[in-house]
Amino acid sequence: MTAVLAAGAVLTMLPLVLVLGYLSWKGLPGLRPTLFLELPVPVGEPGGGLANAFAGSALLVVMALGLGLPVGLLAGLHLAERPGTRLSVTVRYVADVLNGTPSIVIGIAAWAAVVRPMQRFSALAGAAALATILLPLIARTTEEMVRIMPPSLREAALALGYTEWRTALRVIGPAALPGITTGVVVAIARIAGETAPLLFTAFGNPFWSLAPTEPIAAVPLQVYTYALSPYETWQRQAWAAALVLVLTVGGLTFVGRSIAAKRGRRA
Amino acid sequence: MPEPGAPSTLEAVGVTAGYGGVDVVREVSLRFDVGSLTAVVGPSGCGKSTLLRCLNRMHETLDRAHVRGAVRLDGEDLYAPTATPLAARRAVGMVLQQPTPFPTMSIRDNVAAGFAGRGGSRPRGTEADGIVEEALQRAALWHEVRDRLGRSPLSLSGGQQQRLCIARALATGARVLLLDEPTAALDPRSAAAIEELLYDLSRRTTIVLVTHNLQQAARVSTDTAFLLDGRLVEAGPTSAFFTSPRDARTEAYVTGRPVAPA
């Protein structure tokens with residue numbers, strides 16, 4: 001019995017170990033400072049890096065957070081404070097469906113909603129797609145974290161003559177913050193590696209651009225393009241960038257977990 | 001209007017309250033005099049907590065709750081059209097069954113939270129420190145926490161946390177203190193300390209104490225009110241309540257016999 005369970009546990013880890021191992025083998029040779037500092041160069045020229053893609057990905061994540069975080073937090077607070085209303089039940093259902101929607105579909109939706117009216121691919125469209133993935137994750141995490149707060153905490157604040165707003169922002173919010181932060185960090189890890197929703201929104205860009213209304217480069221897009229190319233130098237950079245992506249996601253998840261663990265110890 | 005913190009008279013007049021169209025408290029009229037400590041007793045589900053929560057307008061925070069009647073604080077109806085629930089809750093403080101220190105604030109800030117809700121006119125600086133110290137003194141907690149005011153309240157014992165909540169309620173300037181089974185979650189020694197504190201506080205503050213513990217009611221209260229099935233059966237000085245109850249149902253309850261519903 002124990003052996004079977006242990007085998008299952010080990011098999012769960014096996015894919016990650018294999019992925020990390022293979023990526024390290026293929027990617028480490030291409031992992032050098034120039035990867036982050038230099039722009040792509042035409043095929044045949046030596047050197048070059050993916051600085052535009054790393055900056056683009058960072059900007060896309062920040063813009064997606066700007067769009068998705070406030071709405072997600074407010075939606076989550078509403079779901080927690082008014083769990084039974086028709087609005088809440090609907091929002092919760094929609095959030096769960098959205099969470100299960102293939103990300104390419106979200107990309108198509110962002111293309112129809114942002115790219116077509118603007119008549120161009122843009123960082124904004126990419127950020128909108130990523131924000132749509134972010135939104136249900138943040139709303140549901142916020143709801144869960146606020147709901148596990150003891151109801152007496154809310155009562156105590158209201159009994160002091162606090163308004164609902166003050167109660168939410170000064171007492172419940174701060175108490176739930178470590179859990180919400182964990183959820184947000186894990187959600188960032190999720191969108192940082194998304195490729196499909198960016199294909200026809202952010203589109204990618206071989207040049208340096210941080211303009212919100214221009215097409216923008218992103219690490220997953222660049223990996224996709226370079227990996228499909230027949231050039232050995234590009235492929236090596238794609239492996240290195242993929243390794244960086246996995247390490248970033250792994251690092252973010254670890255940070256998220258340790259925030260949650262710290263909170264667990266204190267309570 | 002009297003000074004904040006000055007003892008006041010609180011009076012419930014024909015209070016009926018409940019949830020979802022069902023009355024839990026029916027036509028209760030009860031007067032809490034200056035400097036009295038009134039124990040509200042009765043079996044589980046008799047409506048004593050609901051009655052208490054009507055006295056500072058906390059009952060209406062629940063879904064589908066209703067309240068009728070008047071609650072007069074020194075003659076002014078807390079349910080008057082011009083009155084607000086926030087003002088009612090600042091004038092009539094409340095302490096819950098579970099100790100509820102705010103976990104992300106320091107011990108000092110927990111007490112200061114009692115007056116932080118007042119907005120722009122709230123005390124600051126040394127004035128705020130003075131109020132915090134006075135509230136902690138009155139809650140008999142000052143000497144235990146004076147050298148760790150910046151620490152987390154979660155480092156305190158359950159009984160200390162409950163006294164911190166009492167200090168927080170006093171810091172609002174509340175003229176009446178409502179307590180809903182404040183010792184139910186505490187060990188006997190901490191409970192005894194709270195009882196002693198309530199006894200001392202009642203000289204300066206009007207106190208209403210909901211309890212299922214008759215011994216506690218007998219030990220600390222000046223007056224006792226008995227609720228059954230949402231109705232007030234009997235209220236009066238505690239000594240008379242326990243030794244010569246007027247109503248047969250009260251006598252049955254205080255002697256531990258089954259009580260026939262009203």
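The model is predicted: local features need pLDDT of at least 70, side-chain atom pairs count only at pLDDT 80 or more, and totals for chains, interfaces and linings use all residues. Residues are numbered from 1 along each chain as its sequence is written, with chains lettered from A and ligands numbered from 1 in the order in which they are written. Chain A has 10 helices and zero strands, while chain B holds an open sheet of six strands and an open sheet of four strands. Helices (H or I, at least four residues) and strands (E, at least two) are DSSP runs, numbered from the N terminus.

**Chain A**

- From the N terminus on, the elements of chain A run α-α-α-α-α-α-α-α-α-α.
- Taken along the principal axes, the box filled by the C-alpha atoms of chain A is roughly 70 × 60 × 30 Å.
- Helix 3 of chain A covers residues 51–81, and its 31 residues should span 45 Å at 1.5 Å a residue; the end C-alpha atoms are 44 Å apart, which agrees. The expected span is 1.5 Å times one less than the number of residues.
- Helix 3 of chain A has a kink of about 35° at Gly68(A), shortly before the proline Pro70(A). The bend at a residue is the angle between axes fitted to the seven residues ending there and the seven starting there.

**Four-stranded sheet of chain B**

- The strand order is 2-1-4-5 and the pairing is antiparallel; two strands pair if DSSP finds at least two bridges between them.
- Strand 2 (22–32) and strand 5 (76–77) of chain B each have a single partner strand, so one side of each is left without a neighbour in the sheet.
- Strand 1 (residues 10–19) of chain B runs antiparallel to strand 4 (residues 65–73) of chain B, and eight bridges join them. Leu10(B) has Leu73(B) as its bridge partner, Ala12(B) has Val71(B), and Ala17(B) stands opposite Val67(B).
- Strand 1 of chain B is also joined to strand 2 of chain B, by seven bridges in the antiparallel sense; here Gly18(B) stands opposite Asp23(B).
- The hairpin of strands 1 and 2 of chain B has two residues between the strands, and Gly20(B) takes a positive phi near 50°.
- Strand 4 and strand 5 of chain B pair in the antiparallel sense over two bridges, with Arg72(B) opposite Asp77(B).
- Strands 4 and 5 of chain B form a hairpin with two residues between them, where Asp74(B) in the turn has a positive phi of about 50°.

**Six-stranded sheet of chain B**

- The strand order is 6-7-8-3-9-10, with mixed pairing.
- The edges are strand 6 (92–95) and strand 10 (231–237) of chain B, each pairing on one side only.
- Neighbouring strands of this sheet are turned by 15° against each other on average, direction ignored.
- Strand 6 of chain B pairs with strand 7 (residues 176–180) of chain B in the parallel sense over four bridges, and Met94(B) stands opposite Leu178(B).
- Helix 6 (residues 158–171) of chain B packs on the sheet, touching strands 6 and 7 of chain B, and its direction makes about 170° with that of strand 6. Axes are lines fitted to C-alpha atoms, for helices over the stretch in contact, and angles run from 0 to 180 degrees between N-to-C directions.

**Helix 3 against helix 6 in chain B**

- These two helices of chain B pack at an angle of about 35°, with their axes 6 Å apart.
- The crossing is right-handed, that is, the near helix is turned clockwise from the far one by less than a right angle.
- Residues in the contact include Ile107(B), Val111(B) and Phe115(B) of helix 3 and Leu164(B), Ala167(B) and Arg168(B) of helix 6. Two residues are in contact if their C-beta atoms, placed from the backbone, lie within 7 Å.
- The residues of this contact divide into nine nonpolar, two polar and one charged. Ala, Val, Leu, Ile, Met, Phe, Trp, Tyr, Cys and Pro count as nonpolar, Asp, Glu, Lys and Arg as charged, and the others, Gly among them, as polar.

**Contact between the chains**

- Chain B gives 19 residues to the contact and chain A gives 15.
- On the side of chain B that touches chain A, helix 2 (85–91), helix 3 (107–116) and helix 6 of chain B give two or more residues.
- The largest share of that side, three residues, comes from helix 2 of chain B.
- The residues on that side of chain B divide into eight nonpolar, eight polar and three charged.
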